[in-house]
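Please keep the sequence and the coordinates at hand while reading.

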Amino acid sequence: MSLIETNNIWKTYEMGAVQVHALRGISIEINKGDYIAIMGPSGSGKSTLMNLVGCLDTPSKGEYYFNGSRVSQMEEDELAMIRNKEIGFVFQTFNLMPRATAFHNVELPLIYNGTSKEEREKKTLKALEAVDLADRMTHRPNELSGGQRQRVAIARALVNEPSLILADEPTGNLDTKTGLEIMQLFSRLHKEGNTIIIVTHERDVATYADRILFIRDGRIEKDEIVSRNEKKANGTDI
Amino acid sequence: MIFWEIFKMAANALRINRMRTILTLLGVIIGVSSVITIISALDGLEQSIKSELEFLGPSTFIATKMGIIMSDEDFFEALKRKPLKYEYVKAIEEGCDKCVKVAASSNAFNTEIKYRNNKLRNVLVRGSEYNIIEIIDFELGQGRFFTHEEDLTRRRVAFIGTTIQDELFPGVDPIGKSLKINNIKYKVIGIAKKKGSSFGNDADRVIFIPYHTFVKQFGHPRGRLAIFVKANSVEDVPDAMDQVRVILRARRHVPYDKKDDFGMVTADAVMAVLNDITRFLRLGLVGISSIALIVGGIIIMNIMMVSVTERTREIGIRKSIGARQKDILLQFLYESLIQSLGGGLIGIAIGVILGKVLISLMNFNMTPSVFAIVVGLTISTGVGLFFGIYPAMKAAKMQPVKALSFE
């Protein structure tokens, strides 16, 4: 069974009297363990697609199945449960709680699903270790570098052991070197069995993935398997 | 478990915005403390008046020229009445079979009391018949009260309250000593038990002298004459009052179609009037001070609205990692509740203290009002919930995508 299956989904916004179709019938299938990049110019609808896939929003039309359950008809709180347990978000601007320590930022998703304190501590530490930041757990975001902040965000995404990691321009606010480190971290996480979707407009970033979906004007323009030659080093063989 | 975690988040957010929290608290503190101050002061006032009236006792009433005056009109009408006469006492004793004790009493305030070099001014001197001690709630402490005989023979004897004892006879046993009332010598024969002060009025700052002695020194009491009557029992009070009324109307030749030209005072009647007054005070003052409370609530709501808008992105982040609507709702509701309840508790403390200060300034007796505390807590919780729910709902209902893209 595929992890993600969308069946002709549309997203339409009402802008006054005008209807704007951000997505015009997208059908994709993503399996467990896949590493996918979604590419497209700005305004192509790639962020809208990411929001739908990430259960932050529901489609105007069409069906969306996540892990076999029909997400397209779900209520806000059911979506919140899926976001909490099944999806880990990584954002371009990190989206950390500015006043909270790295530890608390990573712990937060566990609080919302009622995990006990001891269990929370164990899982949070494990996630921070996975991104090599266990020694920075008492630091606040403003005491961390951009790369470290993004790693905290990745630890937060990992902490509930989600079925899917969804990264929206994860290197967009980082310099090239730090961006490279983050992409290598994603490659490692993929090797460890995580399913990853990265939204980007840079081909350099996209080629870390195994497969690239090109979006333009709300439609899938091209579905490309990244060739062996182009494929970027995946963490171990730099 | 999760409630507690969310509560901690709310408390944390308030701690971070310390200045804002303090200002919000201030709004509630002012509102709650003014309501509590007023309620406790009014409670104290009422209790004091009640204890003041208790000396009358439930089976006692007083017939006077004026009675209880409720309006200017009544007051001017009552001024024209003829004074009560001493002979009514005998008439009531003979004609009222529901009455057990009847005593005439008058008083003078314009007095100067002396014992050697000690001097007191404006002491209440009551000229009463010998049996007044059995009618009103004054108990014998030491010595004795004066007798019927002493009254009729106009002896200069005095029965004093404990304040007179303390201030005029420090370190001296007053019994057998002579004090001077407006330069006329009286022998002290007894001391009352301490009653304590109430309503700014020291009940022990009093001297009782025989009625006829009083008349001899101060002249006829005229409008000042009061006739104290004790009925058989509490149940007999209405009958006794009716009998006294009939006797007085006959004696004063009041035509059957005219109103009484005298007044009857019972503790209950005075209390009823006072209740009316304090009820108005309560409604008016509490009403005015609750405006402060509403303003406090509006401050909370205003601050919470700003806070929700300012933290839109935070709300988006929380939602993206799985916070449900009720989690967000609860967090913001906790924030306004902590502020309103916290402000409420501080306000209650300040209010109780202020109430006590007010009361001690006015020399009342007072016990802290549980009612005021319950009211304060209920109101502040109510304010927090009422004014906090809308901002919290606004936060909870935000769409995650929109909230996340908020700049």
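Two strands are taken to pair if DSSP finds at least two bridges between them. The model to which this criterion is applied here is a predicted one. Its scores are ipTM 0.92 and pTM 0.71. For chain B the mean pLDDT is 86, with 94% of the residues at 70 or more.

In chain A, an open sheet of mixed pairing is built from six strands, in the order 7-8-9-4-10-11. Strand 7 (87-90) and strand 11 (219-225) of chain A are its edges, each pairing on one side only. From one strand to the next the twist averages 20°.

Which residues touch the most other members of the largest nonpolar core? They are I38(A), A155(A), L166(A) and I198(A), in a core of 111 residues. The surroundings of L166(A) can be listed once its neighbours within four places in sequence are left aside: its contacts are then M50(A), V53(A), G54(A), I87(A), G88(A), F89(A) and I197(A). A further core of 54 residues lies apart from the largest one, and its members include I135(B), L168(B), Y211(B) and I227(B). As general background, nonpolar side chains tend to be buried together in soluble globular proteins.

Two of the contacts of L166(A), M50(A) and V53(A), are also among the buried residues of helix 1 of chain A. Why is helix 1 (residues 46-53) of chain A described as largely enclosed by the rest of the structure? Seven of its eight residues are buried, and therefore the description applies. The buried set consists of K46(A), T48(A), L49(A), M50(A), N51(A), L52(A) and V53(A). After this helix comes C55(A), with a positive phi near 60°.

The discussion now turns to the contact between the chains. Chain A contributes 20 residues to it and chain B contributes 16. On the side of chain B that touches chain A, at least two residues each come from helix 1 (2-16), helix 10 (312-320), helix 11 (325-361) and helix 13 (400-404) of chain B. Helix 10 of chain B gives the most to that side, namely four residues. Classified by type, the side of chain B that touches chain A comprises eight nonpolar, five charged and three polar residues.

One residue of chain A that reaches across to chain B is N95(A): not counting residues up to four places away in sequence, it touches A153(A) and I317(B). N95(A) belongs to the loop between strand 7 and helix 3 (102-112) of chain A. Is N95(A) buried or exposed? It counts as buried, because 23 C-beta neighbours lie inside 10 Å.

Two other loops of chain A contain residues with positive phi that are not glycine. N67(A), with phi of about 50°, is placed in the loop between strand 5 (61-66) and strand 6 (69-70) of chain A. Having 15 other C-beta atoms within 10 Å, N67(A) is partly exposed. E161(A), with phi near 50°, lies in the loop between helix 5 (146-158) and strand 8 of chain A. E161(A) counts as exposed, because it has 12 C-beta neighbours inside 10 Å.

In chain B, strand 8 (residues 178-181) shows alternating side chains.

Definitions and conventions
Residues are numbered from 1 along each chain as its sequence is written. Chains are lettered from A and ligands numbered from 1 in the order in which they are written. This is a predicted model: local features need pLDDT of at least 70, side-chain atom pairs count only at pLDDT 80 or more; totals for chains, interfaces and linings use all residues. Axes are lines fitted to C-alpha atoms, for helices over the stretch in contact, and angles run from 0 to 180 degrees between N-to-C directions. Two residues are in contact if their C-beta atoms, placed from the backbone, lie within 7 Å. Ala, Val, Leu, Ile, Met, Phe, Trp, Tyr, Cys and Pro count as nonpolar, Asp, Glu, Lys and Arg as charged, and the others, Gly among them, as polar. A residue is buried if 20 or more other C-beta atoms lie within 10 Å of its own, exposed if 12 or fewer, and partly exposed in between; C-beta atoms are placed from the backbone. pLDDT is the predictor's confidence in each residue, from 0 to 100. A nonpolar core is a set of buried Ala, Val, Leu, Ile, Met, Phe, Trp, Tyr and Cys residues joined through C-beta atoms within 7 Å.
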